[in-house]
Amino acid sequence: MKIERIETFQVQWSPDEPPAKRSAFVRVWTDDGRHGVGEVSPMMGGLASLGMIVHNIAPALIGADPLDHAVIQDRLFHSLVKLGPEGALTGALAGIDIALWDLKGKLFNQPIYKLLGGAWKTELPFYASIGGNGRGRSIDEVLRAVEARMADKPAAIKIRFDNKRVTLDEEIPDHIEKARAVRTMVGKDFPLAFDANNGYSTSGAIRVGRVLEELDYWWFEEPVQHYHTKAMGEVAQKLSITVSAGEQTYTMGGLVELIEAGVRMIQPDIIKMGGITGLLRCAALAQAHGVELVSHQTQPMIGHLANLHVCAAQMHATKPCEWNDPTARTHEGFADPPMPVDGLFHLSDRPGLGIEFDDTALSKQRIDVTG
Ligand code: CA
């Protein structure tokens, strides 16, 4: 069995959706007619990653044995390192890796979590990740957004303060007010997390973190600029609340630097660094250092499912899996996509990831990337 061709395409979920919001997918075909599906990091629509697959990765993959996925990934990461190992390249390799694991599952007629050594549980709780709570949204609108997501019975809620990262600390009073209002609404015992999306200086972050401790938030995500690793560690060490980071880290070395700086919860993303092969390595790294691994994952539906398979196989799964703001993209374009039932995602025993594209539905939204 050999890899014969690779489809690379974006999906534009609605006609008014800007190109930067498109999803990015791959489908890898073998010479005996099998296929696996994968998702590429869709930052800025994933065009850079899909272009690398077309121009740099596919030529090296045609004719390769798909079961050599780890060798393929390490070989291409190193031979293509000049393309930049921190971003589009690792996103591209992640999408290929997920597709090859899906193919392997179908070949052995087993769900991926079985190939990983078995699931600790196949019913996985999730936390609702709610974006856009900055200045553009009033306190009341934030509360309504949280209320709407409670209908899915999440195990926790994370409120995100998405920002352009070019100013720091300006919105701290607004963020604190919203954090207090959400805590008051959900009650003192409901698990809450707060995502600063790199919006604070070190002292600003410590100030916000102390309020979050008083409000009994569960974790404080990316308080300072992601490239200020030492500052991230300083904030983590000065606060008792768990400080997390790592969704913008693309290498194992980058995660080690965060851990050595003092961060005690890392959040690598399966479609940004290494796919299933990569996230398994991150889990081993986290276990060896005694830090929590709570993977970042905001994409429908292939990235989400790949993440669930790895999380199901993780022993020290301390927190629920991320589930982003639901939109049509969470289910349109897929045959029988999993949705949470009573607060749990149920992993099926279907082979591979357990999901396929609905090609008829996708045909209207699909944009092939061929060069
Ligand atoms: Ca985040």
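Okay, let's start with strand 1 (residues 3-11), which pairs with strand 15 in the antiparallel sense over three bridges. Strands here are DSSP runs of E with at least two residues, helices are runs of H or I with at least four, and both are numbered from the N terminus. Two strands pair if DSSP finds at least two bridges between them.

Quick word on the source: this is a predicted model, where local features need pLDDT of at least 70, side-chain atom pairs count only at pLDDT 80 or more, and totals for chains, interfaces and linings use all residues. Residues are numbered from 1 along each chain as its sequence is written, and side-chain values use heavy atoms, leaving out hydrogens and water.

Back to our strands: Q10 has I367 in strand 15 as its bridge partner. The open sheet has four strands, in the order 3-2-1-15, with antiparallel pairing. Strand 3 (35-40) and strand 15 (366-368) are at the edges with a single partner strand each, so one side of each has no neighbour in the sheet.

Now, what ties into the calcium ion? Its protein donors are D195 (OD), E221 (OE) and E247 (OE), at 2.1 to 2.3 Å. Donors means N, O and S atoms within 2.8 Å of the metal, or 3.2 Å for Na, K and Ca; water is not among the atoms, so sites may look incomplete. D195 sits in strand 6 (residues 192-195) and E221 in strand 7 (residues 219-221), so this pair ties together parts 26 residues apart in sequence. Both D195 and E221 are buried, meaning under 20% relative accessible area, with exposed over 50% and partly exposed in between (1.4 Å probe, protein chains only).
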